[in-house]
Amino acid sequence: MPTYAALLYAADVDWSQPEYAETIKEYREFGEAAAAVIRGGKALSPTSTATTVRVSGGKGGEILTSDGPYVETKEALTGFYLLECADLDEAVKLAAQLPAAWDGVVEVRPVIEF
């Protein structure tokens with residue numbers, strides 16, 4: 001069966017803070033309900049902890065880093081799931097059950113196996 005990445009874009013918050021306990025509970029409930037198809041996934045730390053890496057001049061060039069994410073947006077990439085589903089329709093149906101879809105957006109993309 002194909003695997004889909006469900007990329008969660010939501011408010012850029014620190015999910016480890018107590019005020020997000022109810023939302024974390026909803027994600028745990030999703031995880032339990034969809035356990036048969038989840039192949040991985042994690043929440044991400046806030047974008048303030050991100051480091052962007054570029055290589056000037058291509059392979060072997062100078063490594064350049066900058067603090068923060070590459071783009072500035074209202075919503076940030078806050079986590080992901082890897083879902084093994086029969087097809088895109090099933091992956092979309094599951095993505096709609098994620099709390100991020102209720103007040104943010106979930107991008108569903110097929111994973112390429114190398």
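Me: Which element gives the most to the lining of the largest pocket?
Reply: β2 does, with 5 residues; helices (H or I, at least four residues) and strands (E, at least two) are DSSP runs, numbered from the N terminus. This is a predicted model, in which local features need pLDDT of at least 70 and side-chain atom pairs count only at pLDDT 80 or more, whereas totals for chains, interfaces and linings use all residues. Residues are numbered from 1 along each chain as its sequence is written, and side-chain values use heavy atoms, with hydrogens and water left out.

Me: What makes this space a pocket, and what is its volume?
Reply: On a 1 Å grid over the protein atoms alone, a pocket is an open set of points with protein on both sides within 12 Å along at least five of seven lines, whereas a cavity is a set where a 1.4 Å probe fits but cannot get out. The largest pocket has a volume of about 260 Å³, volume being the space filled by probe spheres set on the points, which are joined across faces, edges and corners. Its lining (residues with an atom within 4 Å of a point) has 14 residues, and Ile24, Tyr27, Lys42, Ala43 and Tyr81 are the closest to the centre. Two or more lining residues come from each of α1, β2 (38-43) and β5.

Me: How are the lining residues of the largest pocket divided by class?
Reply: There are 8 nonpolar, 4 polar and 2 charged residues. Ala, Val, Leu, Ile, Met, Phe, Trp, Tyr, Cys and Pro count as nonpolar, Asp, Glu, Lys and Arg as charged, and the others, Gly among them, as polar.

Me: Which residues are closest to the centre of the second largest pocket?
Reply: This pocket holds about 180 Å³ of space. Of its 13 lining residues, Ala10, Ala11, Trp15, Pro99 and Asp103 are the closest to its centre. α3 supplies the largest share of the lining, 4 residues.

Me: Why are the buried residues of α2 said to be on the same side?
Reply: Ala91, Leu94 and Ala95 are the buried residues of α2. They cover an arc of only 100° around the axis, which puts them on the same side of α2; the arc is that of the directions from the helix axis to the C-beta atoms. Asp89 and Lys93, on the other side, are exposed. Buried means under 20% relative accessible area, exposed over 50%, and partly exposed in between (1.4 Å probe, protein chains only).

Me: What do the buried residues of α2 pack against?
Reply: They pack against β1, α1, β5, α3 and β6 (105-110), contact meaning heavy atoms within 4.5 Å.
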